[in-house]
Amino acid sequence: MAFIVKKNINGNEYYYLNENKRIDGKVKTKTIAYLGKIKKEAEKKAREIIKKMTNDKKEMNKKKKVEDNFGMRKLMNKNISINDMAIFCKRKGFVYPSAEIYGGFAGFFDYGPFGVELKNNLKKNWWDFHVRQREDIVGIDGSIMTNPEVWKASGHEESFSDLFVVCKKCKKVNKIDKSELGKVKCEFCGGDYDENKTKEFKLMFKTTVGEDNYTYLRPETAQLIFINFKFVQENARMKLPFGIAQVGKSFRNEIAPRDFLFRLREFEQMEIEYFVNPKEKCPYKIGNSKILVYSENMQNKKKEPEKMKFKDALKNGIIKTDWHAYWLEQEFLWFVNLGANSEKFRIRQHVSDEKSHYAVDTWDLEYKFPFGWKELQGMANRGDFDLKQHMKYSKKDLSIFDEKIKKKIVPHVVCEPSQGVERALLVFLFDAYTYNKKRDNIILNLHPKLAPIKAAIFPIVKRKGFEKISESIFNDLKKDWNVVYDKSGSIGRRYARNDEIGTPYCITVDDDSLKNETITIRDRNTAKQIRIKISQLKEIFKRLINNEIEFEKAGKLIVTRIK
Ligand SMILES: [Zn+2]
């Protein structure tokens with residue numbers, strides 16, 4: 001608050017407007033203005049200055065509020081853009097631009113308290129589905145840096161590059177595939193690329209090892225699987241057909257990282273190399289699920305994708321091998337079983353000039369992002385290219401004995417069901433994101449298995465008796481699940497806070513908890529509440545998380561005012 005002070009200097013009176021301000025914990029007095037020598041005029045001047053200061057402050061607060069609301073208003077829209085998703089993720093503690101306080105670092109991101117839980121849950125569920133639940137797949141965890149010979153053998157050192165291009169018209173920098181040279185225009189403005197500025201751009205990060213040796217940060221996890229192939233097969237006593245899985249970081253020096261978590265320089269892969277005798281048929285059943293199929297033929301003839309069963313796409317010769325049909329369906333089902341929207345997926349066959357140097361037939365599992373249909377998984381048939389290359393460079397025999405045909409063979413990689421963790425994360429976030437008008441808050445409709453926090457436990461009001469029961473429930477549940485105890489703010493605010501980060505259940509302790517040892521559970525998506533005995537909580541909660549029981553049948557449905 002500002003105040004007037006009078007100073008006597010050599011018998012004359014001078015008036016000043018001063019203000020007390022707290023700086024670094026200490027109160028300091030600062031002079032804001034000189035008000036003259038006459039008391040009345042000084043008082044008038046002071047009033048004017050204070051009025052202006054108050055108005056400025058109001059104006060500033062108003063401006064700040066508008067900016068905040070603008071962000072929120074955009075996020076309330078159901079069809080949010082990739083940039084809105086980035087804002088949401090930052091605001092709610094899922095993902096931050098790496099080194100945000102230094103202005104960020106393009107292509108790199110850090111995960112916040114809810115992001116790390118979501119990401120770990122996603123990887124755990126991937127591993128469960130692909131490794132733990134199957135007898136034909138085992139895992140490894142390879143090193144990020146390895147002998148550079150590996151990248152010579154794989155072909156990466158020689159040819160893993162993009163073309164760096166600059167648009168003549170808008171001057172924007174971009175990358176294109178070598179096969180696209182002369183065929184594509186600038187994707188921002190449609191202009192031509194400047195041929196003089198086009199250059200090859202290596203995608204591997206090179207680094208020094210020891211004093212003067214070099215290697216690369218791995219650009220894919222696959223090669224670590226190939227170089228360990230023989231050990232793994234022997235140690236885990238695997239018989240063809242079998243797969244080796246790995247989850248881990250990979251690095252690519254992208255020319256133009258963009259679209260939030262979509263195109264990154266540091267990312268994480270969940271990868272399987274699946275080895276078969278190429279003459280052997282797929283022994284697994286292909287189910288009845290349907291998906292949009294976009295074959296090479298449809299693309300060449302400019303036809304629309306068609307919805308069909310994986311089974312029929314195989315029967316009609318669109319998908320060339322039974323293994324591809326089987327794995328494409330499995331990967332699709334992995335997403336759908338964890339709550340992704342099946343209508344936003346399609347499979348697209350690579351046209352002849354976009355296939356990789358090793359590929360026989362390649363299909364992408366694609367998802368309809370706000371910025372178009374984009375690849376989630378590239379499923380290539382790599383043949384025996386990789387193992388043969390490593391045999392050539394290492395001079396080691398990597399063939400194995402196939403007991404069915406009583407012969408040594410070099411198996412083929414018929415499929416590599418592999419994907420980026422970050423892209424999968426985006427799929428689940430986009431499909432989960434909803435804005436609820438009635439509740440006036442965002443609901444992140446994540447599958448309970450993916451949700452960062454499985455339950456929030458609160459006393460309905462701050463009271464000793466309620467708090468004691470809440471704490472004991474919290475201490476019990478936290479042994480098995482990531483749960484939080486929350487007693488601050490109104491009950492409505494606590495519900496909203498948990499809706500926004502995807503917490504599927506809120507457990508409330510109220511008067512009845514004291515009277516008859518019951519609590520209420522609120523369902524995130526419907527806001528419906530049930531009442532159950534505290535003694536039954538753990539068992540019922542486990543079944544709810546695993547989707548083994550319908551919410552309304554898990555307890556006694558109750559009527560409540562608070563949604
Ligand atoms: Zn351009």
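Strand E27 (residues 505-509) and strand E28 (residues 518-523) pair in the antiparallel sense over four bridges; strands (E, at least two residues) and helices (H or I, at least four) are DSSP runs numbered from the N terminus, and two strands are taken to pair if DSSP finds at least two bridges between them. Within this pair, cysteine 506 stands opposite arginine 522 of E28. The model is predicted: local features need pLDDT of at least 70 and side-chain atom pairs count only at pLDDT 80 or more, whereas totals for chains, interfaces and linings use all residues. Residues are numbered from 1 along each chain as its sequence is written.

Helix H13 (residues 464-477) packs on the sheet, touching E25 (455-459), E26, E27 and E28, where contact requires C-beta atoms, placed from the backbone, within 7 Å. The direction of H13 makes about 160° with that of E25; axes are lines fitted to C-alpha atoms, for helices over the stretch in contact, and angles run from 0 to 180 degrees between N-to-C directions. Helix H14 (residues 491-500) also packs on the sheet, with contacts to E25, E27 and E28 and a direction about 170° from that of E25.

The sheet is open, with six strands in the order E26-E25-E27-E28-E29-E30 and mixed pairing. Strands E26 (483-485) and E30 (556-558) stand at its edges; each has a single partner strand, so one side of each is left without a neighbour in the sheet.

Glutamate 117 lies in helix H3 (residues 113-132). Apart from residues up to four places away in sequence, glutamate 117 touches Pro452 and Asn482. Its C-alpha atom is separated by 8.3 Å from that of leucine 450, 333 residues apart along the chain.

Note on methods
Two residues are in contact if their C-beta atoms, placed from the backbone, lie within 7 Å.
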